[in-house]
Amino acid sequence: MFQMNTRLLSNCKACVAFKRWITERKSDKSKEKPSSLTEELENHNECPLDTRQLGIATWSLLHSMAAYFPENPTEIEREEIACMFHIIAKYYPCNICAKDFQEDIKAMPPETESGEKLSQWLCKLHNKVNKKLGKPMFDCSRVIERWKDGWKDGSCD
């Protein structure tokens, strides 16, 4: 049976943002006019993700998971998160990307000792991919600020 890890929910910007969205949706319901299915479909792209969109979505998920990973994980949590990275690398929809990711994590296995170490490991791995693709490097000293706490200038509050 699934058990919610409450350690991950404390001060969670993602959780707070979702709760705020739900509250706003409920309060805005009376102001909304019913939309037709056609309007909803026109405003929603139901096409499969291309490689770029898939990459952005995947890196966002992985960085967020790493940022919220416990600072003092149990042995089971460490094993599960490492397993997750291996599974994603095995089944990633882009075959070339999957092969590269498998090789990268074989050469540089996930560092699961803490959330900080996992976030730093993932940032280094992401920068390795960025370099291959000719993209700018991310400053890994700001990884928790980017993926968990929000920018220090308050723009995410």
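This is a predicted model: local features need pLDDT of at least 70, side-chain atom pairs count only at pLDDT 80 or more; totals for chains, interfaces and linings use all residues.
Let me begin with one side-chain arrangement: the charged end of R146 sits over the ring of W147, 3.7 Å from its centre, where sitting over a ring requires NZ of Lys or CZ of Arg within 6 Å of the ring centre and within 35 degrees of the ring normal. Residues are numbered from 1 along each chain as its sequence is written, and side-chain values use heavy atoms, with hydrogens and water left out.

As for the overall picture, the protein has 7 helices and 0 strands, helices being DSSP runs of H or I with at least four residues and strands runs of E with at least two, numbered from the N terminus. Of its 157 residues, 29% count as buried, that is, under 20% relative accessible area with a 1.4 Å probe and protein chains only. If we take contacts, meaning heavy atoms within 4.5 Å, between residues at least 6 apart in sequence, 60% of them join residues at least 24 apart.

Now to the aromatic rings, of which the structure holds 2 pairs; Phe, Tyr and Trp (its six-membered ring) pair if their centres lie within 6.5 Å, and planes under 30 degrees apart count as stacked, over 60 as edge-to-face and the rest as tilted. W59 and F101 form an edge-to-face pair, 6.3 Å centre to centre with 80 degrees between the planes. This pair links distant parts of the chain, since W59 belongs to helix α3 (residues 51-67) and F101 to helix α5 (residues 95-107), 42 residues apart. Both W59 and F101 are buried.

F85 and W121 are also edge-to-face, at 4.9 Å centre to centre and 80 degrees between the planes. Because F85 lies in helix α4 (residues 75-91) and W121 in helix α6 (residues 115-132), the pair ties together parts that are 36 residues apart in sequence. F85 is buried, with a relative accessible area of 0%, and W121 is buried too, at 1%.

Which residues does S119 touch, leaving aside those up to four places away in sequence? S119, which lies in helix α6 and is buried with a relative accessible area of 2%, touches A66, A67, V143 and I144. A polar atom of the S119 side chain lies 3.3 Å from the backbone oxygen of A66.

Methods
Buried means under 20% relative accessible area, exposed over 50%, partly exposed in between (1.4 Å probe, protein chains only). A polar contact is a pair of N or O atoms within 3.5 Å; within protein, one must be able to donate a hydrogen and the other to accept it, and residues adjacent in sequence count only if both atoms are side-chain atoms.
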